[in-house]
Amino acid sequence: MIELRELTKAYPTRSGFNVVLDAVDAWFPPRTNVGVLGRNGAGKSTLVRLISGVEQPDAGRVLRQGRVSWPIGFSGGFSGSLTGEENSRFVARIYGVDADEVVGFAMDFAEIGEYFQMPVRTYSSGMRARLAFALSMAIDFDVYLVDEITSVGDAKFQQKCRAEFEARRDRSSVILVSHSLATIRSYCTHCTLLKDGRLLYFDSVERAAEEYDA
Amino acid sequence: MRGLVIELQVIHALVLRETKTRFGAHRLGYVWALLEPIIWIATFGAMYYFLGRLAPPGMGVVEFLVTGIVPFLLFRSLATRLTAAVDSNRGLLFYPRVRPLDVVAARAVLEFATHMVVFVLLMGGTALVNGRLTLDQPLEVLAGLALAGGLGASLGLSFCAASVYSNVAERLLGPVLMRPLFWMSGIFYSVEALPSAARNVLLYNPVLHVIDLIRGGVFPGYEARHVNAWYPLGWVLVLSFLGLTMERAARRRLQLT
């Protein structure tokens, strides 16, 4: 469960402040996949970073219950000089889970073959994304924060991710950020719309879609 | 309590990771960590020999130089490695559990451990050659090394936080601070041997105090009577306060990716 209380974030720009989140109150229920819809630059990634805790709000707070993932999707967080396995071990240790188990799962799920034992700097961006995604799946999070899942791998891999999220629906939830209605439709039952610093909550993706198109 | 466990997990993971990345793919850095002090000792040892100079009474030239150069390198490497800690690990801050201070702490642990091993190896090696070990007050030596580490760490933390605002600080550290300090810290001369006018000025340098304290602890006949532990400790406290305050302010400015 995630709760936002008067969450505020603004960035200084040349022409004053760009208020990305303006005292946003919201509640993301447990075991419910919620989409966050918004145009490019609406502040979706900022919202995800604030929820995960890698960035600090200017005001307000984020309340988290359970284990919340890092922002999955764009594949920062790997050391290029270390192998996929070494990076996996590192992440497992941060979260205090069994490293061998995580390594085994990630190797299986990522399907990058012998590249798993090679330095991450030799990876293509697709392979990085696969590893990042596999790694987040290897650790049991209560809330998965996913930023633009469309960038992760090919159609087959995406199908696999979707199946994996489906399989753990009764224990974890997904907060999925995207500018694409189709993506959100395929993962989420509920949807929020981020627009002009406000976050509007909808019980169905379709209601959000109407507002999004308007 | 749970927060503390997580903190330790994260620092532990970072230390293990740093041991792989710090010293390069072939672990040559470990050799270098030992080789650098040996080169300095050989250089200054040769100068002592050819100039016909002696170490202060009761000290062998090699031990005298070891007790000077290793604490200084401990201080210097902590300061420079910590200054760059956040910048070179920016990608890791992408994991919410890894905070800038964790990255700094992990590097501090690794640098300190590395130089402690170097100190033990060089002192042990000298003892083997001489057939006897000089270590008069082990606790004093340990306290001195901790002070050298504390000075480097608190200075590095301050510069690390400052580097978020401007990279000028980082560029000043080496040439403007470390290079003069190398000559002003009593690495290859003792405080005792200095003319009193020079001594009075150089005693503003906390590293000089630390090195002399360590020598006082190592050598039975040597009393570190011009220096005290409180002065460098004061520096550590002031710099830590400054560094931690600046880190809090810099945290928000830190941009990911």
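This is a predicted model: local features need pLDDT of at least 70, side-chain atom pairs count only at pLDDT 80 or more; totals for chains, interfaces and linings use all residues.
Figure 1. Among the contacts in chain B between residues at least 6 apart in sequence, 78% join residues at least 24 apart.

**Figure 2. The open sheet of chain A, formed by six strands.** The strands follow the order β5-β6-β7-β3-β8-β9 in chain A, and their pairing is mixed. At the edges stand β5 and β9 (198-202) of chain A, each with a single partner strand, so one side of each is left without a neighbour in the sheet. From one strand to the next, the twist averages 15°. Strand β3 (residues 34-37) of chain A and strand β8 (residues 190-195) of chain A run parallel and are joined by four bridges, with Leu193(A) in β8(A) as the bridge partner of Leu37(A). Helix α1(A) lies across β3, β5, β6, β7 (173-178) and β8 of chain A, and runs at about 150° to β5(A).

**Figure 3. Strand β5 of chain A and its pairing with β6(A).** Strand β5 covers residues 68-72 of chain A, and five of its five residues are buried, so this strand is largely enclosed by the rest of the structure. Three bridges join β5(A) to strand β6 (residues 143-147) of chain A, and the two strands run parallel. One of the residues to look for is Val68(A), whose bridge partner in β6(A) is Val143(A).

Figure 4. Helix α4 (residues 125-138) of chain A has 14 residues and reaches 20 Å from its first C-alpha to its last, close to the 20 Å expected at 1.5 Å a residue. Twelve of the 14 residues of α4(A) are buried, so the helix is largely enclosed by the rest of the structure; among them are Met127(A), Arg128(A), Arg130(A), Phe133(A) and Met137(A).

**Figure 5. Leu181(A) and the residues it touches.** Leu181(A) has its place in helix α6 (residues 181-187) of chain A, and with 17 C-beta neighbours inside 10 Å it counts as partly exposed. Leaving aside residues up to four places away in sequence, Leu181(A) touches Leu37(A), Ala209(A) and Tyr212(A). Its C-alpha atom is separated by 21 Å from that of Leu21(A), which lies 160 residues apart from Leu181(A) along the chain.

**Figure 6. The contact between chain A and chain B.** Here 18 residues of chain A are in contact with 20 residues of chain B. On the side of chain A that touches chain B, the elements that give two or more residues are α1 (44-52) and α2 of chain A, and α2(A) gives the most, with four residues. The residues of this side of chain A divide into six nonpolar, eight polar and four charged.

Note on methods. Residues are numbered from 1 along each chain as its sequence is written. Chains are lettered from A and ligands numbered from 1 in the order in which they are written. A residue is buried if 20 or more other C-beta atoms lie within 10 Å of its own, exposed if 12 or fewer, and partly exposed in between; C-beta atoms are placed from the backbone. Two strands pair if DSSP finds at least two bridges between them. Two residues are in contact if their C-beta atoms, placed from the backbone, lie within 7 Å. The expected span of a helix is 1.5 Å times one less than its number of residues. Ala, Val, Leu, Ile, Met, Phe, Trp, Tyr, Cys and Pro count as nonpolar, Asp, Glu, Lys and Arg as charged, and the others, Gly among them, as polar. Axes are lines fitted to C-alpha atoms, for helices over the stretch in contact, and angles run from 0 to 180 degrees between N-to-C directions.
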